[in-house]
Amino acid sequence: MNVKKFTAASSRDALRKVREALGPDAVILSNRQADGQVEILALANDDAAALAPPAIDAPAPMSPAQAAARSYMDNHRDNHPRQAAPAFAPSFAMPAQPAAPVMDAGIDMQRMQQMMAAAIVQAKDSAAAEMSGMMSEIRAMRGMMESQLAELSWGSAAQREPQKTAVLREMLAAGFSATLSRYLIEKLPAGRDAADSLRWIKTVLGRNLQTMANEDAMLEQGGVFALVGPTGVGKTTSTAKLAARCVMRHGPEKLALITTDAYRIGAHEQLRIYGKILGVMVHSVKDEADLRIALKELRNKHTVLIDTVGVSQRDQMVTEQVAMLSGAGADVKRLLCLNSTATQETLNEVVRAYQGTGLAGCIMTKLDEAASIGNVLDVVIRQKLKLCYVSNGQRVPEDLHLADRGYLIDRAFKLKKDSAATQYSDAELPLLMASAHHDAGLREVHLG
Ligand SMILES: Nc1nc2c(ncn2[C@@H]2O[C@H](COP(=O)(O)OP(=O)(O)O)[C@@H](O)[C@H]2O)c(=O)[nH]1
Ligand SMILES: [Mg+2]
């Protein structure tokens, strides 16, 4: 059996690869998500035909254990052709002879024991190999059955309730994941038309998008906030925008700015310039001890904003940075900047890396550059983050807004990707639904 594995970032790409390599009649054995990738096991149609059971009169195949024992015996028999041969012949040819094989007198006891021991070892080895081969075939069969059952159930549901297909297309086009889409569509109240169903979906999504009711929790209460996230997501710009909002409310003397970006040449210049414009001091710190001293000195400030150095979510430094901020002797609330233009896989990885002991909230940046925003909203909903602000441009301080869930959900469905490249065919939808794994975390999504 010539099973081939195909992996790609999306089901669509993986399916295309299967089709390119094995033709349109390829048989899909399994389809699953692994490490953020879609993995498909497939078989050429010809190979699948060859798997049909053998003809009845064909000789029964020998197991590897039997084959090994047979070849061992054959080798030894060759050494004594004349006497040994009849011993293995059927006994009815010579009825007077005992039915048990006659042993060659030249084979002494010791050799026989060796032979037996070797045969046992070989049989054990091959039995283990056979077992593991069988297990992996059973696993492949199970995967195949699971995904085909899911495909069938989606296929029949889609025929009975076409509004589900319509809603699914809208959700996928808006950038929401197959997993969240499947979960919500399965819960869709019966007897509604497509428009009504979509309205229900939007309501549920909105209800599960946590936002700040107003800025008071942050700007009135004050405290120490650190903006974290990978390089270039808009931390420095967002820090400056937030700083301007604080200054407008409380005046410059109530605020302090800290940058942890003390190493890169010119890295803190940007924040310094904003600080100068706002009349706020900018302190740079290089390690936890420094930060501790700075925060102690600034403990009388109403609000302290920390602009951190960008660290890739794949870097070990993220853990160190989380430790530095939580060990600084003050309650540092971390706000994660999420770039709306990043893929869902990347955003999930970013959240996981930066989560640490808990994020106070997140800021959605570069909304103006995103072709779709369902991807980032999906991550915020599923990771249960509090979305505080949305940044939709480079201008400081104008392009920062309090997150409005109704507006964002509406906007997600308006911004749908409608290029042909991102549309799924009717045949692909069941497969996509079958590969959307059930996510235990989704049980906490409130439906109404
Ligand atoms: N279009 C757009 N650009 C932004 C936004 N936020 C930040 N930028 C730009 O993205 C670039 C990187 O921003 P910066 O704040 O330095 O990112 P940092 O590395 O995370 O500190 C800069 O050119 C910003 O002007 C936004 O919401 N929209
Ligand atoms: Mg920066």
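Modeller: The protein chain contains 17 helices and 12 strands; helices (H or I, at least four residues) and strands (E, at least two) are DSSP runs, numbered from the N terminus. The model is a predicted one, in which local features need pLDDT of at least 70 and side-chain atom pairs count only at pLDDT 80 or more, while totals for chains, interfaces and linings use all residues. Residues are numbered from 1 along each chain as its sequence is written, chains are lettered from A and ligands numbered from 1 in the order in which they are written, and side-chain values use heavy atoms, with hydrogens and water left out.

Of the 448 residues in the protein chain, 42% count as buried. Here buried means under 20% relative accessible area, exposed means over 50%, and partly exposed lies in between (1.4 Å probe, protein chains only). The accessible surface of the protein chain is about 24300 Å², and carbon and sulfur atoms hold 55% of it. Such areas come from the Shrake-Rupley method with a 1.4 Å probe, and for residues only the protein chains shown count as cover. Among contacts in the protein chain with a separation of 6 or more, 75% are between residues 24 or more positions apart; a contact means heavy atoms within 4.5 Å.

We now turn to the charged pairs. Side chains of opposite charge can pair when their charged atoms come close. The working rule for a salt bridge is a side-chain nitrogen of Lys or Arg within 4 Å of a carboxyl oxygen of Asp or Glu. By this rule, the whole structure has 19 salt bridges.

One of them joins the side chains of K5 and E39, at 3.9 Å from N to O. K5 belongs to strand β1 (residues 4–8) and E39 to strand β3 (residues 37–43), so this pair ties together parts that are 34 residues apart in sequence. Are the two partners buried or exposed? K5 counts as exposed, because its relative accessibility is 55%. E39 counts as buried, because its relative accessibility is 10%.

A second salt bridge is formed by K202 and D410, whose closest N and O atoms are 3.5 Å apart. This pair links distant parts of the chain, with K202 in helix α8 (residues 194–208) and D410 in helix α16 (residues 405–414), 208 residues apart. K202 is partly exposed, with a relative accessible area of 25%, and D410 is partly exposed at 33%.

Helix α16 also holds R405, which is partly exposed with a relative accessible area of 35%. R405 is in contact with G206, R207, L209 and T211, leaving aside its neighbours within four places in sequence. The C-alpha atoms of R405 and T211 are separated by 6.8 Å, although these residues are 194 residues apart along the chain.

E349 counts as partly exposed because its relative accessible area is 24%, whereas R314 is exposed at 66%.

Helix α14 (residues 344–354) is also the place of N348. N348 is buried, with a relative accessible area of 17%. Not counting residues up to four places away in sequence, N348 touches V379 and Q383.

Salt bridges may also join into a group. E215, D216, E220, R245 and R249 are linked in a network of salt bridges.

For contrast, consider a nonpolar part of the surface. M131, M134, M135 and I138 form a nonpolar patch there, with about 380 Å² of accessible area together. Patches are made of residues with over 30% relative accessible area and no salt bridge; like charges are joined within 9 Å, and nonpolar side chains (Val, Leu, Ile, Met, Phe, Trp, Tyr) within 5 Å. M131 is located in helix α5 (residues 109–160) and is partly exposed, with a relative accessible area of 47%.
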